[in-house]
Amino acid sequence: MEILSLLIDGFAIAFEPLNLVLVIVGCAVGLFIGAMPGLGSVNGVAILLPMTFLVPPTGAVIFLAAIYYGAMYGGAISSIMLGIPGASTAVATTFDGRPLALKGLADKALVAAATASFVGGTISVILFTLFAPPLAEVALTFGAPEIFTLMLMAFATFVGLGGDDIPKTLFSICIGLVFGAVGLDIISGEPRLIFGGLPGFFHGINFLVLAIGIYGIAEMLWTIEVSQGEVMISQASVSFKRILANLRELKQTLKTMVMGSFLGYFVGILPAAGATPGSLMAYGLAKTISKDRESFGKGNINGVVAPEAANNAASTGAMLPMLTLGIPGSPTTAILLGGMVIWGLEPGPLLFVEHKEFVWGLIASLYVANLFSLLINIAFIPAFISVLRLPFTILAPIIFILCIVGGFVPTMDMHDVWLMLIFGIVGYLMRKLNYPMAPAVLAIVLGPLAEPALRQSLLISGGSFSIFFTRPFASVISVLALILLLLPVAKILYEKYLK
Amino acid sequence: MRMAELVMGLVMGIFSIYLMWKSAELPIGWIAGEGPGGGAWPFWLAAGMLCSCVAIIFRWAKHITPESQSDSPFMDRRSLKLFLLNAAAITSLIGLFHIVGAYGAIPIFLIFYLRVMGGHSWGLTSAFALSTPVITFLFFEIALQKTLPKGFTEPLFLPIFDFFY
């Protein structure tokens with residue numbers, strides 16, 4: 001009952017005129033960003049975060065969460081209409097969405113994607129509402145050792161489940177953590193890693209500088225390189241009558257949607273897993289349990305609804321550890337977490353005690369954002385399609401300008417803009433060599449939280465690492481983290497000797 | 001691609017050693033009553049980076065990764081040209097922020113990008129080149145009250161600020 005009453009209070013905050021406008025604008029911007037090939041929720045949130053300083057923290061996070069949500073809906077538009085996933089989270093939607101569009105059934109695929117996203121979003125927000133308060137209550141008992149082991153597990157998940165090259169993933173995590181350590185030492189106050197004695201390094205490296213460099217500049221350079229080929233845009237006519245007809249047909253896919261939603265939600269909770277593997281797993285599961293497996297990849301509507309329900313559910317799932325434990329479940333939530341720190345809100349269990357209005361306002365706004373994303377998506381599909389026809393040579397310079405201004409605004413220091421350019425160029429070159437960049441962004445956000453937790457833990461134990469294995473919660477999490485870290489080794493040994 | 005994998009591994013390895021050396025400017029051992037020294041955290045992380053680079057180079061030598069097996073060029077001529085053009089354009093844009101300020105640099109960048117690189121008409125180019133700085137100014141300087149760099153054009157903005165405030 002308490003949850004219900006808190007949620008009702010949250011709705012009162014979400015329906016405040018400013019917050020409602022922010023949700024609607026955020027959903028529309030997110031849809032557009034998600035639909036743009038090469039741009040996803042992470043790019044949108046990273047580039048637009050500095051623009052949110054005008055509104056109060058609650059409004060700012062609601063706006064960014066709405067972008068996040070909208071982008072999940074939007075990713076399907078370019079997957080279906082262009083055959084190019086708007087973001088990696090919509091890759092699985094391309095498998096059957098594009099064949100449907102080529103058969104002249106683009107409207108069916110688009111309506112199915114929007115409806116599945118709505119179902120996935122709704123189920124996951126309900127699960128979120130139910131699970132967040134008890135998890136926060138448990139987390140309130142956590143001390144420095146538990147907090148450090150949780151962060152260790154977030155990084156271990158990237159190694160064990162990330163699916164990328166292991167040494168490159170480890171490199172990415174370590175470099176992100178080192179960049180997070182630049183500035184003044186938190187305990188002694190002495191300057192640390194001040195490269196070339198440049199004064200700009202004294203205030204540390206803002207996580208946004210790295211995030212915009214990687215997800216703004218590097219991503220755009222990457223998109224410019226890969227989008228040299230011709231892009232074929234499918235025609236889509238969407239009328240109210242056709243939407244209703246398509247919605248009636250979707251009844252048969254309800255089971256797949258629900259399955260995708262639950263799977264996506266639980267995969268989304270895991271740090272490093274997130275929406276992309278969630279959607280791919282849901283697609284695989286839908287295909288496995290289908291009686292008509294042969295039609296997958298050729299335009300089966302279940303192949304559209306499963307990944308779309310899953311990626312939306314995963315995006316909400318990723319917010320659960322971010323808000324309750326202060327551990328982001330995806331790169332986008334890592335940036336959201338960084339933003340919350342900037343606005344003076346420390347993510348973690350205390351947030352549920354000290355900033356109830358904020359937490360429940362955000363949760364309620366997720367329900368609202370879900371509904372508005374569906375309505376805006378269906379109503380504005382033709383408009384989004386026409387914007388997608390804009391030449392990239394118009395969109396690219398605008399995004400570059402946004403990146404540069406966005407890199408300057410948080411610290412008002414041109415030093416950070418140059419640093420962002422360096423991160424962008426090096427990030428682009430590293431991406432070409434398959435260095436995963438998401439762990440670095442996660443690490444630069446978590447680094448300044450992980451270091452004091454480790455130092456406090458070691459101070460308590462007199463320098464012994466056994467503290468991470470003697471406290472109940474910390475030992476369980478440490479063992480899980482070790483299992484995840486050793487998972488790739490076990491996989492190699494299995495493939496070499498047992499297979 | 002194969003050569004690029006090696007070069008990146010070596011460059012990042014050298015960078016890791018530099019970071020270790022830089023971290024060691026602060027104590028990296030245990031300080032009684034204080035715990036680990038201020039340099040310990042970045043030092044051991046940089047050591048982790050170095051170990052990763054050694055593993056990357058080892059895997060390169062053993063042809064394990066797809067990049068180390070690939071004979072394809074890291075960048076073909078067209079990609080290289082696009083990359084250099086874009087990187088130079090962004091670098092110039094940032095450089096111009098210091099000299100002519102944001103509101104001088106943005107139109108110059110847009111004219112170059114839209115007209116020269118994109119081949120768009122003068123009409124479209126001028127529409128974007130004129131409207132973007134105006135929107136940027138109104139949004140950042142007036143609405144958000146965030147001052148962007150203006151270089152030597154600073155005095156030109158004083159009457160505009162007088163008008164708004």
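## Chatting through chain B and a residue in chain A

User: Hi! What kind of model is this, and how are things numbered?

Analyst: Hello! This is a predicted model, in which local features need pLDDT of at least 70, side-chain atom pairs count only at pLDDT 80 or more, and totals for chains, interfaces and linings use all residues. Residues are numbered from 1 along each chain as its sequence is written, while chains are lettered from A and ligands numbered from 1 in the order in which they are written.

User: Great. How many helices and strands does chain B have?

Analyst: Chain B has 7 helices and 2 strands. Helices (H or I, at least four residues) and strands (E, at least two) are DSSP runs, numbered from the N terminus.

User: And in what order do the elements of chain B run?

Analyst: Starting at the N terminus, the order is α-β-β-α-α-α-α-α-α. Chain B has a radius of gyration of 24 Å, well over the 15 Å that the globule rule gives for 165 residues, so it is more spread out than a compact globule. That radius is taken over C-alpha atoms, and the rule is 2.2 Å times the number of residues to the power 0.38.

User: Which domains is chain B divided into?

Analyst: There is domain 1 (2–69) and domain 2 (77–164), with bounds from an automatic or database domain assignment. Taken over C-alpha atoms, the centres of domain 1 of chain B and domain 2 of chain B are separated by 39 Å.

User: Switching to the contact with chain A: how many residues does the contact take from each chain?

Analyst: Chain B gives 56 residues and chain A gives 47 residues. Two residues are in contact if their C-beta atoms, placed from the backbone, lie within 7 Å.

User: Which helix of chain B supplies the largest share of its side?

Analyst: Helix 4 of chain B does, with 12 residues.

User: Now Ile378(A). Where is its place?

Analyst: Ile378(A) sits in helix 17 (residues 356–388) of chain A.

User: Why does Ile378(A) count as buried?

Analyst: Ile378(A) counts as buried because it has 20 C-beta neighbours inside 10 Å. The cut-off for buried is 20 or more other C-beta atoms within 10 Å of a residue's own, with 12 or fewer for exposed and partly exposed in between; C-beta atoms are placed from the backbone.

User: What does Ile378(A) touch?

Analyst: Leaving out residues up to four places away in sequence, Ile378(A) touches Val111(A), Ala114(A) and Ile243(A). Also, the C-alpha atoms of Ile378(A) and Ala113(A) are separated by 10.0 Å, with the two residues 265 residues apart along the chain.
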